Amino acid sequence: MAESVVGAIDVSVVRALYGNSPSLNLSSKKIREVPKCVSRLTKLSVLLLNNNCITSLPAELLSLKHLTELNLGNNSLKEVPAALGHLESLKKLYLFSNQITVVPPEVIDGLHNLVVLNLNHNKIQSLPPEIKSLVKLEHLSVLDNKLEELPAELGHLSKLSEINLTSNRLCCLPQQLCQCKDLTKLHVARNKLTSLPEGITALEKLQVVDVAGNKLSMFPVEFHRLPLKELYCEGNRFVQCEPMQSEQDAEVLTLKELVARFVLWEDRNRVSLVHRMLPHYPCLSALLANGSCCALCQGPFLTTWLECVHFVNLRKDMKVRSSLTIPVRAVLCSYKCFNTEGHCYYGIATR
């Protein structure tokens with residue numbers, strides 16, 4: 001480091017030390033390493049090191065037991081420093097615009113108090129299952145990386161309110177993401193998604209969804225029930241409403257499907273023998289848990305259904321400020337229902 005830069009840093013550290021300051025700003029100082037004397041600031045809560053050329057962190061930083069915010073954005077880190085896993089008081093961690101390729105499980109496992117994690121603009125291909133340890137995490141941003149999949153353990157982040165996965169290589173989202181009941185904003189634009197999780201309607205607080213620039217053909221069942229305020233979906237491959245000649249075959253239901261429909265129907269009646277006895281057969285209950293119901297007659301089914309779609313106007317049906325009409329998936333139990341007059345469901349043709 002140039003002598004003048006070193007002098008300026010030393011002055012900043014001395015001022016923070018003798019002034020008992022809770023924060024230290026060393027951003028944009030052109031430094032390549034963090035001065036070890038920073039470790040003497042044991043009462044430090046905010047440390048800003050962004051916009052430098054830092055490649056690693058000294059072990060001495062472990063003395064910063066009260067550090068709650070650390071900004072290492074726009075540096076030259078190639079990996080998440082191991083020392084971070086010992087800073088248990090951290091609530092906000094910014095690692096954007098580095099050259100990080102891997103997020104070590106042992107580091108993530110030690111950040112139980114983290115609320116904000118920003119990993120934008122790196123080269124990360126996956127997140128470790130240990131991310132479930134971030135039980136207080138509310139904001140997760142991994143924009144512009146190389147993510148190809150997400151761990152199912154994301155579902156453990158019960159306080160997650162915003163997740164930004166824009167500009168990655170994701171082909172699907174884990175079903176477990178629908179367990180994040182506090183999620184209000186979901187940004188997954190510019191990926192390779194062909195569908196969204198069917199359970200997304202369980203996210204009753206979801207207000208903003210950005211899926212622009214993917215490969216979606218339609219939205220999940222009941223998607224229009226979500227209380228969205230903003231939906232961005234341009235640049236997908238949605239099915240079009242183009243009338244075609246259809247060929248219908250009368251469905252022949254298997255014995256398993258017929259029995260399943262009967263049991264599912266009887267299970268709705270709380271006084272029926274089937275409803276009372278079903279809890280004694282956990283394997284059967286688990287099988288029937290995969291059942292669904294007809295969008296038209298509400299009749300139950302297990303494994304045999306007709307794939308359909310209906311078209312929803314965002315402004316009229318969802319109160320979203322957009323004139324777009326989107327296709328929403330629907331399933332019907334039989335051709336009998338499909339051929340009923342007066343409904344708005346269309347069969348899906350493959351070409």
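My notes on the salt bridges follow.

Starting point: I am working from a predicted model. I looked up the total, and the structure holds 5 salt bridges.

Entry one, Lys-205. I found Lys-205 in a salt bridge with Asp-182, with 2.8 Å between the closest N and O atoms. This pair links distant parts of the chain, 23 residues apart. Lys-205 is in the loop between strands S8 (185–187) and S9 (208–210), and Asp-182 is in the loop between S7 (162–164) and S8. Buried or exposed, or something in between, for Lys-205? I got 45% relative accessibility for Lys-205, so I put it down as partly exposed. Asp-182 comes out at 27%, so I noted Asp-182 as partly exposed too.

Entry two, helix H3. Glu-257 and Arg-261 form a salt bridge, the closest N and O atoms being 2.8 Å apart. Both residues lie in helix H3 (residues 255–267), and their spacing of 4 residues is about one turn of the helix. I checked accessibility as well: both Glu-257 and Arg-261 are buried.

I saw the side chains of Glu-307 and Arg-329 meet in a salt bridge at 2.6 Å, N to O. Here too the pair links distant parts of the chain: Glu-307 is in S13 (residues 306–313) and Arg-329 in S14 (residues 325–332), 22 residues apart. Glu-307 has a relative accessible area of 32%, so I list it as partly exposed. Arg-329 has 17%, which is under the 20% cut-off, so I list Arg-329 as buried.

Note on methods: Residues are numbered from 1 along each chain as its sequence is written. This is a predicted model: local features need pLDDT of at least 70, side-chain atom pairs count only at pLDDT 80 or more; totals for chains, interfaces and linings use all residues. Side-chain values use heavy atoms; hydrogens and water are left out. A salt bridge is a side-chain nitrogen of Lys or Arg within 4 Å of a carboxyl oxygen of Asp or Glu. Buried means under 20% relative accessible area, exposed over 50%, partly exposed in between (1.4 Å probe, protein chains only).
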